[in-house]
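Dear colleague,

After it you will find my notes on what was found.

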Number of protein chains: 4
Amino acid sequence: MKKKAMIQWFEQGSIAIPKLLMMQYRKLGLNELEFMIILHIHTFLECGNAFPTPNEIAGRMTITPAQAMEVIRSLMQRGFVTIEGNRKQEALMSEVYSLQPLWEKMLQLLMQENMEQEQERTEQAHI
Amino acid sequence: MKKKAMIQWFEQGSIAIPKLLMMQYRKLGLNELEFMIILHIHTFLECGNAFPTPNEIAGRMTITPAQAMEVIRSLMQRGFVTIEGNRKQEALMSEVYSLQPLWEKMLQLLMQENMEQEQERTEQAHI
Amino acid sequence: MKKKAMIQWFEQGSIAIPKLLMMQYRKLGLNELEFMIILHIHTFLECGNAFPTPNEIAGRMTITPAQAMEVIRSLMQRGFVTIEGNRKQEALMSEVYSLQPLWEKMLQLLMQENMEQEQERTEQAHI
Amino acid sequence: MKKKAMIQWFEQGSIAIPKLLMMQYRKLGLNELEFMIILHIHTFLECGNAFPTPNEIAGRMTITPAQAMEVIRSLMQRGFVTIEGNRKQEALMSEVYSLQPLWEKMLQLLMQENMEQEQERTEQAHI
């Protein structure tokens, strides 16, 4: 019995979260609830469900579908998440969530921090 | 500049979260804030800091160190996290967080669900 | 340009490999080429292609499709990989690779090692 | 017993490999054995051993330490891996492997492919 449960666990696999995102989501302006919604969307995407409903997302959380909807809307307005059209088969068009804007924001933050560090170094060299 | 930022990102690497944990933490009795604290502890562990302070944890979050402390204490009382002594070098003893109790709870939940599914199948076979 | 390339990278995500598997595949009787074939099958599975052809697998490797075929056959004969029928939609039946036997072997190895360690401890206690 | 083995597995965690690297290492000029050596170095780094010996690396593989040494030397000559000095504590200097050159090569390849795709699109638009 135990063995079966365990095998199941491994079969499911894992999602990977960049350590830098864990360390910096706060600086991007995200709070914990928003970050968790993003993780859930990411997990659904990785499992092949590219457009989970607020019901599906809230079903794995301790919030209501209405609250999930609210957070998703806010994430979209603030440019962390977008909805894209995905041409699956001829003529058929389906919508999918994309986390591309989040990666862009993360990249921007990293570049900015690198620039500031270099400026500091330059300034110190001039003293 | 961009290149440097990107390389940095990859060097840092990722943490892996079992998909089943993402899907089931709610059934384990964890809310989103508690789950995030666990993820932060996990990230610190993976980065070689085995006993992050409430200050360090809260420093990556949108909560205060006091709130972080509170949640950690509750997670320990409810048996999700423990503190273990870790004999590093002779005589030297250091404390480390362990998420072992969480994995045990997760395993227990999986086994229970498997059992219930089998019972259902048996009952249906008898009808 | 760089930014686009980078975003692409993140969008693709990562596959997670249990560290214990990296440390112990050798003890399971796998060599590096066999392990790589398993990683490729795992990657295809994670990307939604549950039954990659030897051509597709070899296309990402420095071996020929015939060699890939050979290794896959050997992995199946020795009980590391199986092919399962997967009922996708009514009446439609498709084949999928499963790495379940690998996880079982890994689990077995771990249990055996734990048992041997405990036996050693018991024996030492009796001396 | 089983439970203990399983918990151990989870405690160890996973390493994350970018899917794009799995798909493209061949285009970077790496063969399977070389890629595996890189994965082993990566795993050692993630586990806190920043400068594993050829003996340690080969100990997890089906090759000899001499062969491991050979491959590592070749990877360094061809610019996939470097050794860096790491100032740990005052005056103390230790050597560490860095996979930074690999990430740079990967990034370069991605940018080049993006450029070629855009060129193709431009050329098609002109026909």
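In this predicted model, a set of residues in α3(A), namely E32(A), L33(A), F35(A), M36(A) and L39(A), meets E32(B), L33(B), F35(B), M36(B) and L39(B) in α3(B). As for the geometry, helix α3 of chain A and helix α3 of chain B, each spanning residues 32–46, pack with their axes 9 Å apart and at an angle of about 80°. Because angles of 65 to 115 degrees count as roughly perpendicular, α3(A) is described as roughly perpendicular to α3(B).

The other pair I looked at is chain D with chain C. A rotation of 180°, with 0.0 Å of shift along its axis, superposes chain D on chain C with an RMSD of 0.0 Å, and that is the relation of a two-fold axis. Of the residues of chain D, the one that comes closest to this rotation axis is A16(D), whose C-alpha lies at 2.2 Å.

Turning to the interface itself, chain D contributes 44 residues to the contact and chain C contributes 44 residues. Since 100% of the interface residues of chain D are also interface residues in chain C, the copies meet through the same surface. Between them, chain D and chain C bury about 4500 Å², with 67% of that area on carbon and sulfur atoms, while the count of salt bridges between chain D and chain C is zero.

Technical notes:
Residues numbered from 1 in each chain as written. Chains lettered and ligands numbered in written order. Predicted model: local features only at pLDDT ≥ 70, side-chain atom pairs only at ≥ 80, totals over all residues. Heavy atoms only, no water. Axes fitted to C-alpha atoms, helices over the stretch in contact; angles between N-to-C directions. Helix = DSSP H or I, 4+ residues; strand = E, 2+ residues; numbered from the N terminus. Parallel < 35°, antiparallel > 145°, perpendicular 65-115°, else oblique. Contact = heavy atoms within 4.5 Å. Least-squares fit on C-alpha atoms with pLDDT ≥ 70 in both. Buried area = accessible area lost by both parts, 1.4 Å probe. Salt bridge = Lys/Arg side-chain N within 4 Å of Asp/Glu carboxyl O.
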